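Open the structure in your viewer and keep the sequence panel beside it. The stops below can be selected in order.

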Amino acid sequence: MRRHRRAKIVATVGPASNTPEMLKRLFLAGVDTFRLNFSHGTHEDHAKVHAAIRALEAEMGRPIGILQDLQGPKIRVGTIRDGKITVAAGESIRFVLSGADGDKTAIPLPHPEIFAAVMPGHNLLIDDGRVRVAVTGLGDDYIDAKVVIGGAISNRKGVNLPDTVLELSPLTAKDRVDLAFGLELGVDWVAMSFVQKPADLLEARGLIGDRAGLMSKIEKPAALDRIDDIIRLSDSVMVARGDLGVEIPHEEVPGRQKELVRACRLAVKPVIVATQMLDSMVNAPTPTRAEASDVATAIYDGADAVMLSAESASGAFPVEAVEMMDRIIRSTEQHKLYRSIIDASDPGEEQTAPHAVAAAAADLAEVIHASTIVAYTSSGTTAARIARRRPAVPILAITPHAAVSRRLSLLWGAHSVLSADIHTYEEMVERALAFAKEQGFAKPNDQMVVVAGIPFAQAGTTNNLRVVQVEG
């Protein structure tokens with residue numbers, strides 16, 4: 001079963017999509033990786049979905065990725081007297097650490113890490129930025145602030161601190177339990193929320209090891225300041241535009257999206273663009289024109305994947321949303337300007353032999369009008385190096401590892417198949433020809449470019465390139 005597009009689709013599973021029947025419909029409509037959002041649902045719920053996806057994978061004979069998205073820390077105000085207070089621009093208010101039934105002079109904010117890190121002039125955004133206040137003074141257990149944008153503050157509303165780096169682990173006690181459960185299930189990716197700095201990834205890496213890929217969700221302004229180091233320590237990145245768009249000005253989000261996609265391409269790390277891509281399809285069978293353009297923009301940027309959240313998790317039209325995203329991707333990739341835009345955004349590559357061989361394979365395949373590039377890849381790196389160039393030629397990735405094959409379902413342009421290790425040059429060519437024909441990537445008299453590492457079955461040794469003629 002072959003997708004006739006390069007960018008991949010990630011869909012969140014929820015009440016609207018968690019049955020085996022609906023998961024199959026979504027896969028057939030175009031989903032490549034399913035996201036399990038651990039902010040919602042029980043372990044039993046997620047285990048059932050995981051089992052259904054693995055059963056679907058066996059039925060379809062195609063790898064399917066599973067992404068575990070951890071909740072991360074949630075910063076919220078406490079309990080407000082009468083459930084809600086209304087504040088007006090220009091008013092002075094006070095937040096307190098504990099011991100208050102909140103009113104304007106004592107709004108509970110039970111997070112000592114905020115009191116330790118916030119400074120005068122820093123902003124606090126409440127309820128996704130609907131209320132904005134600026135810190136004017138503080139003590140050990142109180143924060144004085146002036147209201148910049150007024151509105152209602154009600155019980156347990158979320159608080160964002162765009163100017164403040166908190167000494168707060170992105171892994172809560174709940175996240176650690178959820179992570180252990182996800183790794184036991186066998187998820188392919190683990191997405192971390194609330195990443196602020198490179199060191200935030202070290203604890204998760206120690207817990208995950210190589211059992212799953214580590215994905216950083218970029219949703220904090222502080223992460224943007226250290227983004228190259230964060231990408232280097234991650235296996236993939238999610239541009240989480242929801243929270244990021246709360247904490248940085250809306251007008252900066254499109255440019256930051258382009259920067260992040262480019263940086264991930266340069267670092268050879270898959271990147272997902274997420275949040276509100278087809279948001280109106282939660283309740284309507286078609287998107288707005290602006291939403292269609294938003295998805296297309298991510299594809300023109302060169303993103304590896306685009307993601308559906310509420311559209312597929314709780315919306316009324318989950319299958320239609322996936323079908324629409326699939327159509328937008330295919331239409332964009334077939335547009336006459338797509339290739340020139342993608343080529344113009346090429347970030348270059350590291351000056352190493354493996355990168356040079358992968359780049360040469362992509363260039364050669366286009367020059368000779370090859371039908372496919374066959375990449376033998378033990379860890380997925382060879383396929384990722386080729387995909388970084390976003391070639392016009394499809395990539396057939398052959399790997400001996402099921403886990404790698406599933407992770408490749410997130411990589412731009414890669415169609416992966418499982419195969420035992422090869423041991424000889426002749427075996428490399430024979431198997432490449434067999435899989436290319438079987439998977440519909442080659443027909444008689446076509447030419448293929450085959451890339452591998454010698455010695456075989458050794459990760460990270462992309463050093464061999466060959467042109468193969470398919471016999472008539």
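A residue is called buried when its relative accessible area is under 20%, exposed when over 50%, and partly exposed in between, with a 1.4 Å probe and protein chains only. The model is predicted, so local features need pLDDT of at least 70 and side-chain atom pairs count only at pLDDT 80 or more, while totals for chains, interfaces and linings use all residues. Residues are numbered from 1 along each chain as its sequence is written, and side-chain values use heavy atoms, with hydrogens and water left out.

**Stop 1: Ala362**

Select Ala362, which is in helix H14 (residues 353–367). Helices (H or I, at least four residues) and strands (E, at least two) are DSSP runs, numbered from the N terminus. Ala362 counts as buried because its relative accessibility is 1%. Now show its contacts, meaning heavy atoms within 4.5 Å. Not counting residues up to four places away in sequence, Ala362 touches Ile373, Arg389 and Pro391.

**Stop 2**

Go to strand S1 (residues 8–13). Is S1 enclosed or open? Six of its six residues are buried, so S1 is largely enclosed by the rest of the structure. In a regular strand the side chains alternate between the two faces of the sheet. Here Lys8, Val10 and Thr12 point one way, Ile9, Ala11 and Val13 point the other way, and all are buried.

Next, show the neighbouring strands; two strands pair if DSSP finds at least two bridges between them. S1 runs parallel to strand S16 (residues 305–308), joined by four bridges. It also pairs with strand S2 (residues 33–37), again in the parallel sense and over four bridges.

**Stop 3: the six-stranded sheet**

Select the open sheet of six strands, with the order S6-S5-S9-S8-S7-S11 and mixed pairing. Its edge strands are S6 (107–108) and S11 (159–160), each pairing on one side only. Strands of a sheet pair through backbone hydrogen bonds, either parallel or antiparallel. For an antiparallel case, zoom in on S5 (residues 92–96) and S9 (residues 142–149), which are joined by five bridges. Within this pair, Ile93 stands opposite Ala145 in S9.

**Stop 4: the nonpolar cores**

A nonpolar core is a set of buried Ala, Val, Leu, Ile, Met, Phe, Trp, Tyr and Cys residues joined through side-chain atoms within 4.5 Å. The largest has 91 residues, and Leu23, Phe34, Val190, Ile208, Ile218, Leu278 and Met325 touch the most other members. Helix H12 (residues 318–333) gives the most to this core, with seven residues. Apart from this core lies another, of 27 residues, including Ile85, Phe95, Val135 and Leu166.

Select Ile208. Which residues is Ile208 in contact with, leaving aside its neighbours within four places in sequence? They are Leu179, Leu183, Val190 and Leu214.

Then move to Ala204, in helix H5 (residues 200–208). Ala204 counts as buried, at 1% relative accessibility. With neighbours within four places in sequence left aside, Ala204 is in contact with Leu171, Met192 and Leu214.

**Stop 5: a pocket and a cavity**

On a 1 Å grid over the protein atoms alone, a cavity is a set of points where a 1.4 Å probe fits but cannot get out; a pocket is an open set with protein on both sides within 12 Å along at least five of seven lines; lining residues have an atom within 4 Å of a point. Grid points are joined across faces, edges and corners, and a volume is the space filled by probe spheres set on the points.

The second largest pocket holds about 530 Å³ of space. Of its 23 lining residues, Asp235, Val268, Lys269, Ser379 and Thr381 lie nearest the centre. Helix H15 (381–388) and helix H16 (402–407) are the elements that give two or more residues to this lining.

There are two cavities of 30 Å³ or more. The second largest cavity has about 50 Å³ of space, and its lining includes Cys264, Arg265, Val268, Lys269 and Asp304. H15 supplies the largest share of that lining, three residues.
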